[in-house]
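This report examines a chain interface and a nonpolar core. The sequence and structure are shown first.

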Amino acid sequence: MKNRLEELRKLRGVTQEELADRLEVSRQTIGSLENGRYNPSIVLAFKIAHFFNISIEEIFIFEEEQK
Amino acid sequence: MKQQHKSYIFYMGILIFAIGLLLKFLIPESNEAWQSVPFVMTGFGAGITVVGLACIFRQKMIEKDPEKAKQYEIAEKDERNIQLREKAGYATWYITLFMLAILSLIFVMLDYKLQSFLTIGVLLIHVISLFVYIFIYNKKI
């Protein structure tokens, strides 16, 4: 699953540490999310969406696996 | 609550260590089969005591520094860290299974009956415990 987290974070002028602090997760989690190595839980996805004040679909791009 | 939990580990270590020392004097030298038990218990107890002490010191340090306490709490509750621990635990389960199987095979080949019996027993408990926890979590989740 791709996401626009890094792009949105930079647009807001927020560092990874600050975003991690606000979402109460580790900075490594933010890094992994931005690199696409880790997919968040639905709770964290909602927290991120609330932080940026946009919908989850605008941050996370769901792609069905190709057969 | 956490502080109580850490102290519990420390006191448990002290207790095991003390029982080990006590057994050293209580087990007669003629009883060769039980001679190693006090050494194993004191060693095990000392190890747990050190771990308990380290936990208490860490807890004290965290209590003095609210910023560190917050970082520690975040690291504990971080969902990626939880997933990492779960994955590591699952991988370790397989490694333990493999090691127990190898050990059982060696004991069987050497015709060590008691050791074979014990290792195969532990191996079975190891496998059964996985299915028990799957059953328990299947009800909870």
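The sections below cover the basis of the model, the interface and the core.

## Basis

This is a predicted model, in which local features need pLDDT of at least 70 and side-chain atom pairs count only at pLDDT 80 or more, while totals for chains, interfaces and linings use all residues. Residues are numbered from 1 along each chain as its sequence is written, chains are lettered from A and ligands numbered from 1 in the order written, and side-chain values use heavy atoms, without hydrogens and water.

## Interface of chains A and B

About 810 Å² is buried between chain B and chain A, 43% of it on carbon and sulfur atoms (accessible area, 1.4 Å probe, lost on being put together and summed over both parts). Of the area that chain B buries against chain A, B:I74, B:E79 and B:R80 supply 65%, more than any other three residues. Eleven residues of chain A and seven of chain B form the contact (heavy atoms within 4.5 Å).

The count of salt bridges between the chains is zero (a side-chain nitrogen of Lys or Arg within 4 Å of a carboxyl oxygen of Asp or Glu).

## Nonpolar core

The largest nonpolar core has 19 residues, of which A:L19, A:L23, A:I30, A:L33, A:I48, A:F52 and A:I59 touch the most other members. Such a core is a set of buried (under 20% relative accessible area, 1.4 Å probe, protein chains only) Ala, Val, Leu, Ile, Met, Phe, Trp, Tyr and Cys residues joined through side-chain atoms within 4.5 Å. Helix 4 of chain A gives the largest share of this core, six residues (helices are DSSP runs of H or I, at least four residues, numbered from the N terminus).

Not counting residues up to four places away in sequence, A:L33 touches A:N3, A:L5, A:Y38, A:N39, A:P40, A:L44 and A:I48.

Technical notes. Buried area = accessible area lost by both parts, 1.4 Å probe. Buried < 20%, exposed > 50% of the residue type's maximum accessible area, 1.4 Å probe, protein only. Helix = DSSP H or I, 4+ residues; strand = E, 2+ residues; numbered from the N terminus.
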